[in-house]
Amino acid sequence: MKIKKYISKMIILLTVLMMFYTVPASASNYKDTVFEFYFKTAAGGTTSTELREKQDDSSAYMKCEKTVFPYTAFVIAAQSVDDEYYNASGGHVYTFDTGTVYKMINYVYENHYKYAAIYAKRVYSYNYAANGLWSPDSV
């Protein structure tokens, strides 16, 4: 009889403990951030977004809201905000024009880098601007 009471008490205790136990949720870094590119002829016509933490293996997201001329872009990676950039695109390069939206394939997370950014290059040899939204992870 004592064993049955002991087992019953343990079950009740475990049930109560499980009610208060929470599993940490893993939320990806998909909040959109504004980007503004200015492609300067003198600077080689390239630029990038700031580095942001990459939290999962999802695609990066970029939406070009306005540009005069198209630009190409791909995902780059770094171990820290002070580290060198590495091409993490796996060869996936995207062309953006006004209204273009892509979920950009990349291998930042899979190659154990902590940060991602989007590297962009002008298509035409003029000085021009582009802006929109981006995030290192997508939903």
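Strands here are DSSP runs of E with at least two residues, helices are runs of H or I with at least four residues, and both are numbered from the N terminus; two strands count as paired if DSSP finds at least two bridges between them. As background, strands of a sheet pair through backbone hydrogen bonds, either parallel or antiparallel.

Before going further, note that this is a predicted model, in which local features need pLDDT of at least 70 and side-chain atom pairs count only at pLDDT 80 or more, while totals for chains, interfaces and linings use all residues. Residues are numbered from 1 along each chain as its sequence is written, and side-chain values use heavy atoms, with hydrogens and water left out.

Strand 1 meets strand 10 in the antiparallel sense over seven bridges, and if you select Thr 33 you can look for its bridge partner in strand 10, Trp 134. Next, show strand 10 (residues 128–135) with strand 4, an antiparallel pair joined over six bridges; here Ala 130 in strand 10 stands opposite Thr 67. Finally, strand 4 (residues 60–67) and strand 8 (residues 101–104) run antiparallel and are joined by four bridges, and Tyr 61 has Lys 103 in strand 8 as its bridge partner.

Which residue forms a salt bridge with Lys 54 with the closest N and O atoms 2.6 Å apart? That residue is Asp 137, and a salt bridge means a side-chain nitrogen of Lys or Arg within 4 Å of a carboxyl oxygen of Asp or Glu. This pair links distant parts of the chain, 83 residues apart, with Asp 137 in the segment after strand 10 and Lys 54 in the loop between strand 3 (52–53) and strand 4. Asp 137 is buried, with a relative accessible area of 0%, and Lys 54 is buried too, at 4%, because buried means under 20% relative accessible area, while exposed means over 50% and partly exposed lies in between (1.4 Å probe, protein chains only). Salt bridges that share partners join Lys 54, Asp 56 and Asp 137 into one network. A search of the whole structure finds two salt bridges.

To finish, show the whole protein, which has one helix and ten strands. From the N terminus on, the elements run α-β-β-β-β-β-β-β-β-β-β. Of its 139 residues, 35% are buried. Among contacts (heavy atoms within 4.5 Å) between residues at least 6 apart in sequence, 78% join residues at least 24 apart.
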